[in-house]
Amino acid sequence: MEIRSKIALITGANRGLGFEIARQLGKRQIKVLIGARNAAAGQAAVNGLIAEGIDALFILLDITETNSIDKAVRIVTEKFGYLDILVNNAARLPKATDSGLPSQVSQELLLEFLETNFLAQVNVTQSFLPLIKQSTAGRIVNMSSSIGSVTISSEHLHQNGPKPPRIPYAASKAALNMFTVILAKELRQDGIKVNSADPGLTQTDAGGPNAPYTVEQGARPAVWLACLDDDGPTGCFFTHVEEHVVNNPW
Ligand SMILES: NC(=O)c1ccc[n+]([C@@H]2O[C@H](COP(=O)([O-])OP(=O)(O)OC[C@H]3O[C@@H](n4cnc5c(N)ncnc54)[C@H](OP(=O)(O)O)[C@@H]3O)[C@@H](O)[C@H]2O)c1
């Protein structure tokens, strides 16, 4: 019997955590499709991975553009006809200049975050789902954040410690978490596992150089969830503590 290679698509994989998740999956002999909206950056990432002996291919993919998603689906359908792993990693990250107080936040800023971090994730997932259903062990990993945890955010209310997070990013990741749970239930009968991953504050362009975790560490929960066995969890939220992947509260 011919054993077909495992294929993973990682969105926003030209840099940061997406690139590192692709690298770690590639090191496990998984063919990695590098989704990126910038062709030069995407191809440069692929060249770097190939130089490390990884089987990588660039896929032009702007997750907020339905035409771009459709084209990417067509390419993966024609070239492979299935997809084993989808990592919804690309996101709009908060900038220092974003004003995010719930009492003042603009509709425009809320929409911007919800469009990229929630609506686009749903659109990408729905569009690739027919290909994931062709896998014998489909896995969907939504890159979330502890900031999208209502439990963790509500702890700020009772502490004198850190400021509460800004509402646009927090709400968009909380919505993504809800997508994880409800989609996991819908797809359980298909054997497709859907989980959220929290990398922790990580040293990317978004996290900054002083973040506590390296990209190698931050990528760990997503890689673990992408490679779950058939008896692994679904509809759950994971982060990492020291060397271990652990549950995160919703
Ligand atoms: N870093 C952290 O501390 C941290 C903590 C918690 C959760 N996370 C989550 O982890 C994921 C990765 O974060 P990161 O720190 O690696 O972010 P990053 O370094 O800012 O990279 C973001 C990636 O998303 C891509 N992207 C943004 N909008 C896109 C679009 N419309 N279409 C396609 N690609 C798009 C960017 O592409 P361009 O290069 O073209 O801009 C880039 O590749 C995100 O989901 C984030 O919310 C990160």
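**View 1. Val-105 in the loop between strand S4 (85-88) and helix H4 (107-132).** Helices (H or I, at least four residues) and strands (E, at least two) are DSSP runs, numbered from the N terminus. The model is predicted: local features need pLDDT of at least 70, side-chain atom pairs count only at pLDDT 80 or more, and totals for chains, interfaces and linings use all residues. Residues are numbered from 1 along each chain as its sequence is written, and side-chain values use heavy atoms, with hydrogens and water left out. Val-105 counts as buried because its relative accessibility is 14% (buried is under 20% relative accessible area, exposed over 50%, partly exposed in between; 1.4 Å probe, protein chains only). Leaving aside residues up to four places away in sequence, Val-105 touches Ser-99, Leu-110, Ile-167 and Pro-168 (contact: heavy atoms within 4.5 Å). Pro-168 is 63 residues from Val-105 along the chain, and their C-alpha atoms are 7.9 Å apart.

**View 2. The largest nonpolar core, with 30 residues.** Such a core is a set of buried Ala, Val, Leu, Ile, Met, Phe, Trp, Tyr and Cys residues joined through side-chain atoms within 4.5 Å. Ile-10, Ile-21, Leu-25, Val-32, Ile-34 and Val-87 touch the most other members. Elements that each supply at least two residues include strand S1 (7-10), helix H1 (16-27) and helix H8 (220-226). Another core, of 29 residues, lies apart from this one and has Ile-59, Val-122, Leu-176 and Ala-184 among its residues.

**View 3. Surroundings of Ile-34.** Beyond residues up to four places away in sequence, the contacts of Ile-34 include Ile-10, Ala-22, Val-46, Leu-49 and Phe-58.
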